[in-house]
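Please examine the structure shown below together with its sequence. The briefing is intended for a reader who is new to describing protein folds.

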Amino acid sequence: MTTFDRCHPSLAHGVPPAAAGTIFASTVSGRSSMPPKEGRQLLFGRNRDDVHVCLGEDDRRISRHQGTLVHEGGAWCVRNEGKLPLRLPGSRLVFDSDEPAPLSEGYTALFVRGSSGREHLLEIFVAGTDSPAPMPLGTEVTEPPRVWRLTMAERTVLVALAQRFLRQEAYPQPLSWRRVAEQLAKLDPDENWAPKKAEHVVAGVRKRLVDAGVPGLTKEEVGEPVGNALNVHLIGELLHSATLVPPDLALLEARDRR
């Protein structure tokens, strides 16, 4: 049995109590749910009349049947039925030629890129014994982000490394260690800044975050060739946690040494 709720489509409105394994799928157009059973399918896409959940109804880039949530092997998976890839957390893409991608218990955000830069969101929630359902929290105190502690020296080095990201340039990349060291040497001529020294400072921060469980910050995880990946992932974590913010660029301004 499925349910469809046009009045409260978003999972932000909460979901009713449900048996473990029940799946909820929501878009701006409505919400559908389905209890677990081998072979059951919940369809989403542009053609409202042929799917359980309508996604991108006014966007011809979205397929009429864009994807299917299917219960197989005792778990829910998502299968791409359309021409565009589905994007799961961690920037994982699911193409129409791929095997169905398994879904974890709890919340999953699935995106499909449409026309004119639009991003269409399908919110998915799989009920589990240890996965509390989303509940409305409109009047609750905002939970602060997990901000990582940095020394002033670490912050200055990281701001120099990540300045293109902090300036929100298009397609930013970290500065080279040579340019980071040159900029730091101008800010503090008395300090013996060299590329290796700047790299060592950043490596220390990265190790602390690895020890705290932040993924994507080791060569083993990223694989060869590493390139800028470790620094890009580190900068991403520091930005998303609001550890580094655009006003930090003031650290790169020349200091009054009088």
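The points below begin with the protein as a whole and then turn to a sheet, a buried residue and a pair of helices.

The model is predicted. The protein contains six helices and twelve strands. Of its 258 residues, 42% are buried.

**The protein as a whole**

- The accessible surface of the protein comes to about 15200 Å². Carbon and sulfur atoms account for 52% of that surface.
- Contacts between residues at least 6 apart in sequence can be sorted by how far apart the partners lie along the chain. Of these contacts, 52% join residues at least 24 apart.

**A sheet of five strands**

- Strands of a sheet are held in pairs by backbone hydrogen bonds, and the pairing may be parallel or antiparallel.
- In this protein, five strands form an open sheet, and their order is β5-β4-β6-β7-β10. The pairing in this sheet is mixed.
- The edges of the sheet are formed by β5 (53-54) and β10 (101-102), each of which pairs on one side only.

**Strand β6 and its neighbours**

- Strand β4 (residues 41-45) runs antiparallel to β6, and four bridges join the two. Within this pairing, L43 stands opposite T68 in β6.
- Strand β6 (residues 67-72) also runs antiparallel to strand β7 (residues 75-80), to which six bridges join it.
- The hairpin of β6 and β7 has two residues between the strands. In this hairpin, G73 takes a positive phi near 65 degrees.
- Is β6 enclosed by the rest of the structure or open to the outside? Five of the six residues of β6 are buried, so this strand is largely enclosed by the rest of the structure.

- T108 lies in strand β11, which covers residues 106-113.
- The relative accessible area of T108 is 8%; because a residue counts as buried under 20%, T108 is buried.
- Which residues does T108 touch, leaving aside those up to four places away in sequence? T108 touches L88, P89, L103, L122, E123 and I124.

- Helix α1 (residues 152-161) and helix α4 (residues 195-211) have axes that come within 10 Å and cross at roughly 105 degrees. Helix α1 is therefore roughly perpendicular to α4, since angles of 65 to 115 degrees count as roughly perpendicular.
- On the α1 side, the residues that meet α4 are E154, V157, L158 and L161. Their counterparts in α4 are A198, V201, V202, V205 and R208.
- By class, the contact of α1 with α4 comprises seven nonpolar residues and two charged residues, with no polar residues.

Note on methods
Residues are numbered from 1 along each chain as its sequence is written. This is a predicted model: local features need pLDDT of at least 70, side-chain atom pairs count only at pLDDT 80 or more; totals for chains, interfaces and linings use all residues. Side-chain values use heavy atoms; hydrogens and water are left out. Axes are lines fitted to C-alpha atoms, for helices over the stretch in contact, and angles run from 0 to 180 degrees between N-to-C directions. Angles under 35 degrees count as roughly parallel, over 145 as roughly antiparallel, 65 to 115 as roughly perpendicular and the rest as oblique. Contact means heavy atoms within 4.5 Å. Ala, Val, Leu, Ile, Met, Phe, Trp, Tyr, Cys and Pro count as nonpolar, Asp, Glu, Lys and Arg as charged, and the others, Gly among them, as polar. Two strands pair if DSSP finds at least two bridges between them. Buried means under 20% relative accessible area, exposed over 50%, partly exposed in between (1.4 Å probe, protein chains only). Accessible areas come from the Shrake-Rupley method with a 1.4 Å probe; for residues, only the protein chains shown count as cover.
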